[in-house]
Amino acid sequence: LYVFIRKYEDTLEIKLNEGYYYYYEHFIDQTIKGKYRSEARLGAPVIQEHTQTYRDLLQKIAFNILKKHSDQISSVIVEKQLYTTEPLLAEELRDYKFSMSLSDFSEDMRACFNKLQAESIDQANFLNCYFLKMISGQIFFTDVNILFVLASERIFAQLCRIIKDSQTFHISDLDKLDVIDFYPQVLDYVLYKIQNSKNIEAFEKYACSFVLNDEIRRRIIMIEDNSRNNPKETFAQVIMMYVIFFKLNTKNYGSNSYGHIFKEMMYFVNAYKTYTFNQGKRDRIYTVERFFMNISLNTLTLKRLNLSHFNFSNSVISRSNFFQCKFEDTLFNNTVMKGKNRFELCVFEKSNLLLSNSNACEINFSNCQIKSLNLKPLKCKFTQCYIQRLDLYLQNLVLITFEDCIINTVIIQNEHCSGKANIEFSNCIFKTEINVKETDAT
């Protein structure tokens, strides 16, 4: 299956709504149905019931294997997956066989196991299928990506059951929802299932009720007060719900109801980082920043936040303001900015602001420190900024103005320049010369 998907990637024939997870989901469906068609030919009863029971058991097995081996799996997941959507695992985990034994089964897993075994014709292989094997009492998946997909399906199924009972969030819901840290493979698949659900409006409503819940906000006060009763066991669940909200939401963050949401999420993120560090574990929260690709931020105002390592690529940011924020290794690749957006007293280091061609977009940098920034704007202005290194791409540029700035290095990347770019300097101090690279210029 992995080779099949990679072949589709090479030929660029995968449809927009049919990515990797779509094919894995359908492959699992067909494998399970095929298994029980074989059983049907041998005379096994209640085939339709078995297909769902078997899939439920696979989900529980996958979840428990992933939970059991979480630290080991975390240690070999590569950082590059922070910058891709629907990431797959292959070479880095191919030498591992993550397994569990029958003695690890919970009571409900054992009941499901016994039911399937009792009603199966092929007693010796009733649990086995193309991608799941039981050998000498050890159960393992032959494809680690299927392990992640089925574990994620269990989390999604729990969320569906919660929303079916009530479309409004209650604090007790956190105890019903299991999360395994923040693997890109897990939460990306949960989001894929939500976004392709026929009931997506219910998920949107539920996520909104979560971020507006007073008991969630009171937990922030407990964290700030260093209370001994901090809800450590539900940090991951809380942060997952924030990610789901940002992925689904298109609301105006300038309103009183939603203006606080981003900063509140960051309290939980930082508290979870501190908690896991104090537990002597590696930083399990490292992937939260990647989930801000392909989102919408409308009239957002952020103050005094560290946005290092965030990935806002392919997102839409409209009429937003950032005050005293830090951007280190932060990505805005192919991001669309609309209206006037402002950065004031911010620090940029090793970051990309390579914007998509945004009509009627204006960016203002005021009193910022630009240590190193790749910038591809439409129209922008620097006022009283210190610029150590700025790589300026002219592809879509209409006008850029530097006013009262101290400039050390500006490298103008002249590739694919339309010839309409205007660069203006007013009352600036230059430490070195401006370097123009004419790669494709005329």
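Modeller: The model is a predicted one.

Colleague: Where is Gln324 found, and what is its phi?

Modeller: Gln324 lies in the loop between β7 (321-323) and β8 (326-328). Most residues other than glycine have a negative phi. Gln324 is not a glycine, yet its phi is positive, at about 55 degrees.

Colleague: In which loop is Arg304 placed, and is Arg304 buried or exposed?

Modeller: Arg304 sits in the loop that runs between β5 (301-303) and β6 (316-318). Phi of this residue is positive, near 55 degrees, although Arg304 is a residue other than glycine. Its relative accessible area is 53%, and the class above 50% is exposed. Arg304 is therefore exposed.

Colleague: How many helices and strands are in the protein chain, and what share of its residues count as buried?

Modeller: The protein chain contains eleven helices and 23 strands. A residue counts as buried under 20% relative accessible area. Of the 442 residues in the chain, the buried share is 51%.

Colleague: Among contacts between residues at least 6 apart in sequence, what percentage join residues at least 24 apart, and what part of the accessible surface belongs to carbon and sulfur atoms?

Modeller: For those contacts in the protein chain, the percentage that joins residues at least 24 apart is 48%. The accessible surface of the chain comes to about 20900 Å². The part of that surface belonging to carbon and sulfur atoms is 46%.

Conventions. Residues numbered from 1 in each chain as written. Predicted model: local features only at pLDDT ≥ 70, side-chain atom pairs only at ≥ 80, totals over all residues. Heavy atoms only, no water. Helix = DSSP H or I, 4+ residues; strand = E, 2+ residues; numbered from the N terminus. Buried < 20%, exposed > 50% of the residue type's maximum accessible area, 1.4 Å probe, protein only. Contact = heavy atoms within 4.5 Å. Areas by Shrake-Rupley, 256 points an atom, 1.4 Å probe, with all protein chains shown as cover.
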